[in-house]
Amino acid sequence: MRQIVADLHAELVRYNLVVWTAGNVSGRIPGEDLFVIKPSGVSYDELTPENMVVCDLDGNLVEGEHAPSSDTAAHAYVYRNMPEVGGVVHTHSTYASAWAARGEAIPCVLTAMADEFGGEIPIGPFALIGDDSIGQGIVETLKGHRSKAVLMQNHGVFSIGKDAKSAVKAAVMCEDVARTVHVARQLGEPLPIPQDDIDRLYDRYQNVYGQRSPR
Ligand SMILES: [Zn+2]
């Protein structure tokens, strides 16, 4: 899991979702009440499986030489309250954070959004770092919502997935649609997709699309 989480941080760089040391990926260790997360303040070039840190679901450091990411409490809160979640990602990616700065959900006006998010990408509350406020805002917004990403107001993106890779994919797709819908807005009003078509697209992509897993 240290290897997987370390490697996935390189994807945040590859897709231009992060600058400096901002942003982080975590992955739940299957069968344990533990997760692996980025160390605080270490640059992306220096991330290795060895310097990833292991925390318990209260965000306490269990194993590692470095202090865990300053966003660890938010990740831990999600893992405690959403047992189906196996990965969490946080970025300040530019276009998605611009929607967050306005407190505006990204409307579902692209089939790719219907596929991946099943509707709009919602806004979560304004919350300060330091206690469980960010984690609570993520969970309150995403529980019962199809979207695997939330735009925390005035802050940035938190995404979740069944594993860390799936949460990274949601973060990448969130920025992609945030950018396209922003561009669409420049020359007019994007056309909404009817709800029953969104439902059909979401169902197909989630249940039929891609390679079938071997039985
Ligand atoms: Zn942040």
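Contact here means heavy atoms within 4.5 Å. The structure is a predicted model, in which local features need pLDDT of at least 70 and side-chain atom pairs count only at pLDDT 80 or more, while totals for chains, interfaces and linings use all residues. Residues are numbered from 1 along each chain as its sequence is written, and side-chain values use heavy atoms, with hydrogens and water left out.

## Overall form

The secondary structure comprises seven helices and eight strands, where helices (H or I, at least four residues) and strands (E, at least two) are DSSP runs numbered from the N terminus. For 215 residues a compact globule would have a radius of gyration near 17 Å, and the value for the protein, 17 Å, agrees with this; the radius is taken over C-alpha atoms, and the globule rule is 2.2 Å times the number of residues to the power 0.38. The C-alpha trace spans about 50 × 45 × 30 Å along its principal axes. Among contacts with a separation of 6 or more, 62% are between residues 24 or more positions apart.

Of the 215 residues, 48% count as buried, a class that means under 20% relative accessible area, with exposed meaning over 50% and partly exposed lying in between (1.4 Å probe, protein chains only). The protein exposes about 10,800 Å², of which carbon and sulfur atoms supply 51%; these areas come from the Shrake-Rupley method with a 1.4 Å probe, and for residues only the protein chains shown count as cover.

## Nonpolar cores

In soluble globular proteins, nonpolar side chains tend to be buried together. A nonpolar core is a set of buried Ala, Val, Leu, Ile, Met, Phe, Trp, Tyr and Cys residues joined through side-chain atoms within 4.5 Å. The largest such core has 22 residues, and those with the most contacts inside it are Val78, Ile138 and Phe158. The elements giving two or more residues to this core are S2, strand S3 (53-56), H2, helix H5 (133-142), strand S7 (149-152) and strand S8 (156-161), and H2 gives the most, with five residues. Leaving aside its neighbours within four places in sequence, Val78 is in contact with Val85, Val88, Ile138, Val139 and Ile160. A second, separate core of 21 residues includes Val5, Leu34, Val36 and Val168.

## Aromatic rings

Rings of Phe, Tyr and Trp (its six-membered ring) pair if their centres lie within 6.5 Å, with planes under 30 degrees apart counted as stacked, over 60 as edge-to-face and the rest as tilted. By this rule there is one aromatic pair: Phe35 and Tyr79 are tilted, at 4.9 Å centre to centre and with 35° between the planes. The pair links distant parts of the chain, since Phe35 belongs to strand S2 (residues 34-37) and Tyr79 to helix H2 (residues 72-81), 44 residues apart. Both Phe35 and Tyr79 are buried.

Elsewhere, the charged end of Arg102 sits over the ring of Trp99, 4.6 Å from its centre, the criterion being that NZ of Lys or CZ of Arg is within 6 Å of the ring centre and within 35 degrees of the ring normal.

His90 lies in strand S5 (residues 87-91) and counts as buried at 1% relative accessibility. Beyond residues up to four places away in sequence, Thr91 touches Leu12, Leu17, Val18, Gly23, Gly156, Val157 and Ala171.

Tyr202 is found in helix H7 (residues 195-207), and, with residues up to four places away set aside, Tyr202 touches Ala114, Asp115, Glu116, Phe117, Gly118 and Arg146. The following table lists C-alpha separations.

| Residues | Separation in sequence | C-alpha distance |
|---|---|---|
| His90 and Leu12 | 78 residues | 9.7 Å |
| Thr91 and Val168 | 77 residues | 9.8 Å |
| Tyr202 and Asn51 | 151 residues | 38 Å |

## Positive phi values

Most residues other than glycine have a negative phi, and most peptide bonds are trans. Asn16, although not a glycine, has a positive phi of about 60°; Asn16 lies in the loop between helix H1 (2-14) and strand S1 (24-28) and counts as exposed at 64% relative accessibility. Trp20 lies in the loop between H1 and S1 and has a positive phi near 50°, and its relative accessibility of 77% makes Trp20 count as exposed.
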